[in-house]
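Colleague: I am new to reading protein models, and I would like to go through one with you. Could we take it step by step?

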Amino acid sequence: MTAHHDAGQANGGGPEDVRHPHSLVHGRLPPRFERRTVVIAPGRTLAYDESEWRDAIVVVHRGQVELRAGGDGRRRFGRGDILWLDGLSIRGLHNPGTEPAVLVAVSRLIR
């Protein structure tokens, strides 16, 4: 898993990315907000830590991600889906695909 923080600035992407000035993924953020990009490699699972997702709107920018709960409970999301991961009872975020899953989280800066 890799993460990148971007406070209040536009974030670049690949050539297929659609840019819009108000986009959560690429648009300019107000100064009180930050953007964090998380990449989960194919077949890997990121352990869920609620504090990492507190108060964040999360966009599945590329690939797929499964939210895995206890037992066999799981729910799959793909490109363009918007998630709220704060306060969930899940074990982890799993990438079931063959390409990296890219999640973009936008939250308020804590000062």
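Predicted model: local features only at pLDDT ≥ 70, side-chain atom pairs only at ≥ 80, totals over all residues.

Colleague: Which side chain does Glu52 meet in a salt bridge?
Modeller: Side chains of opposite charge can pair when their charged atoms come close. A salt bridge is a side-chain nitrogen of Lys or Arg within 4 Å of a carboxyl oxygen of Asp or Glu. For Glu52, the N to O distance is 4.0 Å and the partner is Arg36.

Colleague: Where do Glu52 and Arg36 lie, and how many residues apart are they?
Modeller: Helices (H or I, at least four residues) and strands (E, at least two) are DSSP runs, numbered from the N terminus. Glu52 is in helix α1 and Arg36 in strand β2, so the pair links distant parts of the chain, with a separation of 16 residues.

Colleague: Is Arg36 buried or exposed?
Modeller: The charged end of Arg36 sits over the ring of Trp53, 4.6 Å from its centre. That wording requires CZ of Arg or NZ of Lys within 6 Å of the ring centre and within 35 degrees of the ring normal. With a relative accessible area of 10%, Arg36 is buried.

Colleague: Which parts does the salt bridge of Asp55 and Arg108 tie together?
Modeller: The side chains of Asp55 and Arg108 meet at 2.7 Å, N to O. They are 53 residues apart in sequence, so the pair ties together the loop between α1 and β4, where Asp55 lies, and strand β9.

Colleague: What is the phi of Asp55?
Modeller: Asp55 counts as partly exposed, at 26% relative accessibility. Although Asp55 is not a glycine, its phi is positive, at about 65°.

Colleague: Which residues are joined with Glu66 into one network?
Modeller: Glu66 forms a salt bridge with Arg74, the closest N and O atoms being 3.7 Å apart. Glu66 is buried at 5% relative accessible area, whereas Arg74 is partly exposed at 46%. Salt bridges that share partners join Glu66 to Arg68, Arg74 and Arg76.

Colleague: Which residues outside its sequence neighbourhood is Gly43 in contact with?
Modeller: Gly43 is in the loop between β2 (33-40) and β3 (45-47). Contact means heavy atoms within 4.5 Å. Leaving aside neighbours within four places in sequence, the partners of Gly43 are His94, Asn95 and Gly97.

Colleague: How many helices and strands does the protein chain have?
Modeller: From the N terminus on, the elements run β-β-β-α-β-β-β-β-β-β. That gives one helix and nine strands.

Colleague: What percentage of the residues of the protein chain count as buried?
Modeller: The protein chain has 111 residues. Using the cut-off for buried, the share is 41%.

Methods: Residues numbered from 1 in each chain as written. Heavy atoms only, no water. Buried < 20%, exposed > 50% of the residue type's maximum accessible area, 1.4 Å probe, protein only.
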